[in-house]
Amino acid sequence: MRGISGAPAEREELARPIARRLVDAVMQIHMHGLAHGDLSLENVLLAEEGGGPQAVDIRLIDFGCSTGPAASGLRGKPSYQAPELHLEAEYDAFAVDAFSLGVMIFTVVVGNYPWSSTRPSAGGCQVFQFYAEKGLTAYLQRRRIRVDNQVVVLSDVLSPSLTDLLAGLLAVNSSNRLTVAGACKHSWLAAP
C-alpha cells in the first residue's frame with residue numbers, strides 16, 4: 001500500500017499545475033483533430049523552468065497510436081485503457097484520451113494507479129470490476145492508502161472538487177464521460 005506524503009490538500013495543490021498542463025496538452029492535440037491513443041505518465045516529459053510546479057512544461061511523446069476522432073482496436077497501456085477499447089467496435093478516440101487523462105490525474109495526486117487493467121471480468125482486474133459495478137464513490141470509500149503514518153480511505157483524502165473531476169473523466173460509459181474540453185473548465189483545475 002503506497003502512501004501520500006504530506007497533507008492531502010498540499011498534495012492536490014502540488015499536482016494541480018501539472019494536471020492543468022496535462023489537460024491543456026491533450027486539448028491542443030484534440031484541437032488539431034488528433035487523439036493520442038496511448039496517453040500515460042510514461043509518455044509525458046516534464047521540464048521545470050524554475051519556480052517549482054507552477055512552471056512545469058509538459059511534452060507529450062510517442063504518437064505511434066494516434067488516430068483521428070474515431071478508432072478501433074486495442075491501444076495503450078492496461079491501466080490507462082478506457083473500457084470501450086476491449087469491445088470489437090469503433091469508439092470515440094477523444095473519449096478514450098479523456099479516460100486516460102483521468103487515470104493520469106488520479107495517479108499524479110494519489111501516487112499510485114487506480115487499477116492494473118480495465119480488461120473485462122474474465123482474467124481482468126477485480127479492482128476495476130468493483131469500480132465499474134459500484135462507481136467512484138464506493139471505490140473511494142473502499143480504497144485504502146497510507147497518509148504519513150495513518151491508513152485512510154481515499155474518500156477522506158480527496159477533495160469533493162477533485163472527486164467530481166475524476167468521476168467525469170473516469171466514467172465507464174463513454175457517452176457519460178467528461179470531455180477534455182469540459183475538463184479544461186472544471187472547478188478543480190480552475191482553483192488558484
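A polar contact here is a pair of N or O atoms within 3.5 Å; within protein, one must be able to donate a hydrogen and the other to accept it, and residues adjacent in sequence count only if both atoms are side-chain atoms. Keep that in mind for what follows in this predicted model, where local features need pLDDT of at least 70, side-chain atom pairs count only at pLDDT 80 or more, and totals for chains, interfaces and linings use all residues. Residues are numbered from 1 along each chain as its sequence is written, and side-chain values use heavy atoms, with hydrogens and water left out.

D92 caps the N-terminal end of α2, with a side-chain oxygen 2.9 Å from the backbone nitrogen of F94. At the other end, α2 is followed by G111, whose phi is positive, near 90 degrees.

Now hop over to H186, which sits in the loop between α6 (180–184) and α7 (187–190). H186 counts as buried because its relative accessibility is 10%. A polar atom of the H186 side chain lies 3.4 Å from the backbone nitrogen of L165. Leaving aside residues up to four places away in sequence, H186 touches S161, D164 and L165 (contact means heavy atoms within 4.5 Å).

Terms used:
Helix = DSSP H or I, 4+ residues; strand = E, 2+ residues; numbered from the N terminus. Buried < 20%, exposed > 50% of the residue type's maximum accessible area, 1.4 Å probe, protein only.
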